[in-house]
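Hello,

Here is the structure I promised to pass on to you. Please have a look at it first, and then read my notes below.

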Amino acid sequence: MGVITYTDDLTSPIPPSRLFKALVLDSHNLIPKLMPQAVKSIDFIQGNGGPGSIRQVNFAEGSPISSIKNRIDEVNEESYYYKYTVIEGDALAEKLEFIVHEVQFEPTPEGGSKNKMTTNYHTKGDIVFTEEEIKAGKEKVLGMYKVAEAYLLQNPDAYA
């Protein structure tokens, strides 16, 4: 099994507390509402959102991926850190054992946030995961982030 790691750094005018609430603590409600063309629903099938919880993301009809299951590994509301593992679903296909995502939201002096996202792709055997496959996955995650950020900019009282 190999591990391929990618890191993205983003800045946002939104404070880390609001982004964390929207994208982590309430994403199961917010993302399907903001992106119904992409995400049909996000349901907890085990637990209530804390470590050990299992969350299923059901994608909209016509999507190449029907669903994925995430295990929440760590949620720290004080440091705005979130870690989860994709443990099951079409996104893993024949190439991946699992995918670990880590997100850290940090405040900036300007009142916004600096957000570091690290993704570890754990491949099966000697399988090679292509740059195009990784880019496609990253674009979907960044797309959700940008949609939520735009919503928070347009609704300054949301998640305040």
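A term to start with: a nonpolar core is a set of buried Ala, Val, Leu, Ile, Met, Phe, Trp, Tyr and Cys residues joined through side-chain atoms within 4.5 Å, where buried means under 20% relative accessible area with a 1.4 Å probe, protein chains only (exposed is over 50%, partly exposed in between). Please keep in mind that this is a predicted model, in which local features need pLDDT of at least 70 and side-chain atom pairs count only at pLDDT 80 or more, while totals for chains, interfaces and linings use all residues. Residues are numbered from 1 along each chain as its sequence is written, and side-chain values use heavy atoms, with hydrogens and water left out.

The core

The largest nonpolar core has 33 residues, and Leu 19, Leu 23, Phe 105 and Tyr 145 touch the most other members. Helix H1 supplies the largest share of this core, five residues. (Helices are DSSP runs of H or I with at least four residues, strands are runs of E with at least two, and both are numbered from the N terminus.) Seven of the ten residues of H1 are buried: Pro 16, Arg 18, Leu 19, Phe 20, Ala 22, Leu 23 and Val 24. Beyond its neighbours within four places in sequence, Leu 19 has contacts (heavy atoms within 4.5 Å) that include Phe 105, Tyr 145 and Leu 152.

The sheet

Seven strands form an open sheet in the order S1-S7-S6-S5-S4-S3-S2, with antiparallel pairing; two strands pair if DSSP finds at least two bridges between them. At the edges are S1 (3-12) and S2 (39-46), each of which pairs on one side only. Neighbouring strands are turned by 20° against each other on average, direction ignored. For such angles, axes are lines fitted to C-alpha atoms, for helices over the stretch in contact, and values run from 0 to 180 degrees between N-to-C directions.

H1 (residues 16-25) packs on the sheet, and its direction makes about 155° with that of S6. H2 (residues 27-34) also packs there, touching S2 and S3, at about 165° to the direction of S2.

The hairpins

S5 and S6 pair over six bridges, with Lys 83 partnered by Glu 102. Six residues lie between these two strands, and Ala 93 takes a positive phi near 45° in this hairpin. S6 and S7 are joined by eleven bridges. Their hairpin has five residues between the strands, and Gly 111 takes a positive phi near 100°.

Best wishes
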